[in-house]
Amino acid sequence: MCWLLPRTLLSTKTPVHLLRRFSSQKELPTLTLFTKDPCPLCDEAREVLEPYKHRYIFHQVDITLPENKIWWDRYKNDIPVFHLNKQFLMMHRVNTKLLEKRLAEFDQEDQ
């Protein structure tokens, strides 16, 4: 785990409690938004997600890019689409109850 710590934290003068705190942080789930530009529903979804942003790592996939053709074929008429840790979660609008439930399940698994 030491190779992941910034050099400043590896100095011998760094308090041990800081090293423990840094190394014991849980891994957050990844919330992926499949989107394109323009996408007013995607913009709205990002606003709805704002209060939850500390509970996941946010990743966007522009389905119009050539390397994302598989996602274009799958989701071109359904964006926004969300995956949580690479598994389908929801589409069209953010379902906050579902999101909260899945994030809580993830928190339980991580303990």
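Let's start with a charged pair: in this predicted model, the side chains of E105 and R102 meet in a salt bridge, with 3.7 Å between N and O. The two residues sit 3 places apart in helix α4, so about one helical turn separates them. E105 has a relative accessibility of 34%, which makes it partly exposed.

Two further salt bridges can be followed in the other helices. R46 and D43 pair up at 2.7 Å, N to O, and both belong to helix α2, where 3 residues, about one turn of the helix, lie between their positions. R46 counts as partly exposed at 28% relative accessibility, and D43 is partly exposed as well, at 42%. In helix α3, which spans residues 69–75, D73 and K69 are 4 residues apart, or about one helical turn. Their closest N and O atoms are 2.9 Å apart, forming a salt bridge, and D73 is partly exposed with a relative accessibility of 42%. The count for the model comes to 6 salt bridges.

Now step back to see where these helices belong. The protein chain has 4 helices and 4 strands, and reading along the sequence gives the pattern α-β-α-β-α-β-β-α. Of its 111 residues, 28% count as buried. Take the contacts between residues at least 6 apart in sequence: 60% of them join residues at least 24 apart. The accessible surface comes to about 8100 Å², and carbon and sulfur atoms account for 54% of that area.

In soluble globular proteins, nonpolar side chains tend to be buried together. Here the largest nonpolar core has 13 residues, and those with the most contacts inside it are L31, L49, F82, L89 and L99. Two or more residues of this core come from each of β1, α2, β3, β4 (87–91) and α4. L49 touches L31, Y56, F58, F82, V94 and L99, leaving out residues up to four places away in sequence. Apart from this core lies another one, of 8 residues, which include C42, V61, Y75 and V81.

One more residue deserves a visit: H83, in strand β3. Is H83 buried or exposed? Its relative accessibility is 7%, so H83 counts as buried. The side chain of H83 makes a polar contact of 2.7 Å with the side chain of Y75, and Y75 is also among the residues of the 8-residue core. Beyond its neighbours within four places in sequence, H83 is in contact with T30, L31, T32, F34, W71, Y75, F88 and L89.

Note on methods: Residues are numbered from 1 along each chain as its sequence is written. This is a predicted model: local features need pLDDT of at least 70, side-chain atom pairs count only at pLDDT 80 or more; totals for chains, interfaces and linings use all residues. Side-chain values use heavy atoms; hydrogens and water are left out. A salt bridge is a side-chain nitrogen of Lys or Arg within 4 Å of a carboxyl oxygen of Asp or Glu. Buried means under 20% relative accessible area, exposed over 50%, partly exposed in between (1.4 Å probe, protein chains only). A nonpolar core is a set of buried Ala, Val, Leu, Ile, Met, Phe, Trp, Tyr and Cys residues joined through side-chain atoms within 4.5 Å. Contact means heavy atoms within 4.5 Å. A polar contact is a pair of N or O atoms within 3.5 Å; within protein, one must be able to donate a hydrogen and the other to accept it, and residues adjacent in sequence count only if both atoms are side-chain atoms. Accessible areas come from the Shrake-Rupley method with a 1.4 Å probe; for residues, only the protein chains shown count as cover.
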